[in-house]
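Subject: the structure you asked for

Hi,

Here is the structure, with some notes on what turned up in it. Have a look at it first, then read on.

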Amino acid sequence: MPPLSFDLIALQLFTGLALGAIYVLFAIGLSLIFGMLTVVNFAHGAFYMVGAYVGLFLLSLGGNFWLCLLAVPLIVGTCGLIVERFLIRPLYGRGIDYPLLLTFGLSYVMVELIRIAFGKSGYPFDTPEILQGAVNIGVGYFPLYRLFVIGIAAAVLLGLWLFLERTSFGLIIRAGARDPQIVRVLGVNLSRIWLFVFGIGSGIAGLAGLLAAPLQGVIPEMGATILAEAFVVTVVGGMGSIGGAVIAGLLVGVVVSMTSLFAPEMAKVSIFALMAIVLLIRPQGFFGRAGLMS
Amino acid sequence: MPDIDLHVVSPAPDGEFGAKGAGEAGTAAVVANDVTTLIRRSMSLSLKSLYRQGPWSRRSDASDRSFRKYQHHPRRIYMAKQTIRSNSISRRRLLTTASAGVVLAASPFRINLLQAQEATIKVGFPVPLTGPYGAEAQDQVRAAEVAIAEFNEGGGLNGRKAELLVRDDKLNPGEAATRTLELIEKDKVNFIVGSLSAAVQLAVNNITKERQIIFNSISQSDIINEVSDFSKYTFHEALNPHLTAGAVGRYAFPKFGKKVAFLTADYAYGHEMVRGFQEAGKAFGVETLVDIRHPLGTADFSPLLPRIQALKPDILCIINFGRDQQIALKQATDFGLKKSMKIIAPILLYTARVAAGPQAFAEVIGGTSYYWGIEDKIPSAKAFNDRFRKMHAGKVPSDYGALGYGGVKTLLMGAKAAGSVEPDKVIVAVEALKFDYYKGPEYYRKCDHQAVQSVFIIESKATPQKGDADLYDVIATEEPNEKNLRTCEALGHKS
Amino acid sequence: MNELSQTLTQPVVASAAWFEFAKRHRAFLASTVVLVFPLVMPFTALAVNILIYGLYAVGFNLLFGYLGLLSFGHAALFGTGAYLCGIAIVHFAWPWYAATAMGILGGAVMAAGIGALAIRTRGIYFAMVTMALSQCVFYLFYQAINWTGGENGLRGINVRTIDIFGLQFDFINPLTRYYVIAAFVILALFALSRILASPFGAVIEAVRENEARARASGYNVTLTRLITFILSGAFCGLAGALMALHLSVVPIEILHIETSGMVVMMSLLGGMGTFFGPFVGAAVFLLLENLVSLWTVHWQLIVGAVFVICVLFFPAGIWGTILKRINP
């Protein structure tokens, strides 16, 4: 055991926040889609992975990382639109299990298509030049790129919040989540809203994948691991709650980071134990509406 | 065999399962009668045929798709149909048909089967073509093909050619066990070579051990040498963790320092490697500062790195495999760990380095069983590489790929030396082999069938100069020596 | 769920007499198919796998198809059965039948444990809680290296001969192994058929159809759920135990989340809530995987696509669709 200094714990906490930022970005799309469409998207991990590969592809064509930050969410979001329109829309009204199962099968297909296009083994993904290296954040050295990830996550969250709370389109989305029937009666075409929401959700997942790529490299299976963890995040935060996803995402990041410090071999099981505990005490999660799922 | 066909002679409804009859007759009772008769009859048939099955009986003609036909031996069905259609045929006629059918069904097939077994030596090759180590597995297949081609060009075993039967084990021990059963029970292979994880090789080993089939394992494990899992039918061509970690430790500890931190994948491979390093380190007075265990498949090592940094070790030993290794090395580089400590790894993979790029691996030191660059010094490696390049469009073999060659080659050469594929004779012959097929001198230790071989210490190049395959510098070679292995007694073998 | 349950509980007034007959004797008919099955399969070990995964899917289907609870953690029940059977043989040298009973018991007890915690939640949350708990079970077995072999899996479940009533059977022989395992599967099918035909079986379906009404009719819904979960665990435990006997090893992957996902796919592919659907699903899934992987390593693409098509166009699954065709 190393000496447990304040600096070490603070640094570990910061590392947890950076880790949590990726979880938040991933889970927020998942939660958004679930909250609006009541679709549990098992293909979310695949969109995340596609985001990283699209980034890789654009870079190989001579694009730069900043361009990717814009282009990747757009491209992956478009994929999301196509999936919603042609695969998920026919399933509305058939019960909650069907979209879940469909996206589960779809994730197999997407992963395999990427394997066919890019090969089975992964690729390195270099951190952009100016974001390399570490900076002193007062308690120790911390990789610059991770700070950047936290920043981007915060920016995306702010943008999303403004969009949902301050625009009339966001108002419709929120209303549609609260009571789709009334919104329909008021003459709003909800299927277009849903299409759009699915697009946004998968676009953000693609962005998360792109941001994670320099941390881990890219590999076709990269979405599977984070998917299971992101489910924990959304369930702990409350399915469909964006605020819940943010808080739970950061919490899970910190819990993983802290168990890594004290009992690394328990790091993975800790988040599932966390989820089991939260669900047993509060079955709808921190901010979930009770009875939404019944 | 002849008696069984007589059971089918009694008149039977001609509808499938009496379904047609049900529609026409309309009464359930009649149908019930028919159905039960039919079921009873087919049951008695199937039960009897149980003990008469040859392996061919499962291969029914693809065009024969009706349910009825599937129930029995294809040829027996054919006869049953004949007899049912012509209720009036004489008993003698029937018997002639029956015996002719039996002759047709039994003898030529048996002979063919025996001939087929004599004709080729079948080598089953279960490797994880799908999954994260697909690239390694494909390379293993390529290398094994080289060994097969060489054997066949050399005239085989008194003219008997060898054949490679590749199966995808999906890196899952359960799937590997199923595929091994298929290879043994259906394909009747003579040898099995393969596996790319400790768990898979132990599963395959358990099955070959029970069925007394020779198996050459080409992935790392310490347990396979130990008496609990040892099988006299199993050879281990790959290095084992004790040997690999020991070799790297013996090279690194005197050079870089005695304070060591371990970052280890939390599974048998990782634990065995740590043990190997620590045992080698005893001689140098090495101090273990910390041994951090991370779960397999960790995507983010950043929570672990600040702690390591705070401990200020001389050496950070990162013990994991494949993608875990790529990510760990990349993040350790990002956190700037290379500035204050030397990073070593027991195994540096060819494909992992290709996937991760030069930056993450730069100046990391590790061990390997094979790197194509040894061809400058070792003639057999040069010959193997050239042959491989010729057969596979100029590619060079990777480390685990080369093991596929070694694994198949040794068994085939053993069979050649024994002049037979009889397991017991081949075992004796392989035990006696002293060979240099691709990486310098090698032999199998008698007590645990571990290949005693050299370990190459390599350092990853920061800037490759000579093309895509130029990844590592070979900086040292630990020559084969039984002393570097655990003793036979320590493994539980009676010496 | 509603549309599905409608399709599955169609009134069967107009059905042909032979169909009724076949339905009444479904377990018996299944046995016949099972008997000839290995003769048409590419290899016997695959036929055994299909039987075992079929039984596993049948156990899952009891919960998902008949009770309407989607579990994403059934691997925990399957794996516990396999491990306990294996541990009984490897560490305690129990006879094979006692070990098999231990596997069934293990599956049931594990189901009681998970069920007691998870049964309070509903729908998607139920799926998530079972998934989380099964992950915990995974790590439990993973860490208990001395008992389970950890990452390396449990080896040495070597049963050479099986003696039944004084008769010795060579368990290494593939066909003998198949028929011994088939006997267990058939027994399980008979048992399941009896359970579903019993008043309790009717309560199970009543809870799925309308929970409030079932409760109002005086049935204990929570207890019904729990008992069904335990029964499901017993079937899955048996399947696991047979897997341990068949492969002579228990890999840790048996507890992996993919093993949970696979059974969901199998049940849906075959037709959930139908008696034989899970078997058909297991057979199609494993055969497809086996055949497709012969000519391409990208078998997941085909399997995934078939699954998506099934969800979109054949929500009743292959067997469910066939049933609807022949018995509209």
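Two residues are in contact if their C-beta atoms, placed from the backbone, lie within 7 Å. Helices (H or I, at least four residues) and strands (E, at least two) are DSSP runs, numbered from the N terminus.

This is a predicted model: local features need pLDDT of at least 70, side-chain atom pairs count only at pLDDT 80 or more, and totals for chains, interfaces and linings use all residues. Residues are numbered from 1 along each chain as its sequence is written, with chains lettered from A and ligands numbered from 1 in the order in which they are written.

In chain C, helix H5 (residues 75-92) meets helix H7 (residues 123-143): C:Ala75, C:Ala76, C:Gly79, C:Thr80 and C:Tyr83 on the H5(C) side touch C:Leu133, C:Ser134, C:Val137 and C:Phe141 on the H7(C) side. Of these, six are nonpolar, three polar and none charged (Ala, Val, Leu, Ile, Met, Phe, Trp, Tyr, Cys and Pro count as nonpolar, Asp, Glu, Lys and Arg as charged, the others, Gly among them, as polar).

Now the A/B interface: 34 residues of chain A are in contact with 33 of chain B. On the chain A side, H1(A) gives the largest share, seven residues. That side has 16 nonpolar, twelve polar and six charged residues.

As for chain B itself, there are 18 helices and 15 strands. Of its 495 residues, 53% are buried (20 or more other C-beta atoms within 10 Å of the residue's own).

Cheers

Methods:
A residue is buried if 20 or more other C-beta atoms lie within 10 Å of its own, exposed if 12 or fewer, and partly exposed in between; C-beta atoms are placed from the backbone. Axes are lines fitted to C-alpha atoms, for helices over the stretch in contact, and angles run from 0 to 180 degrees between N-to-C directions.
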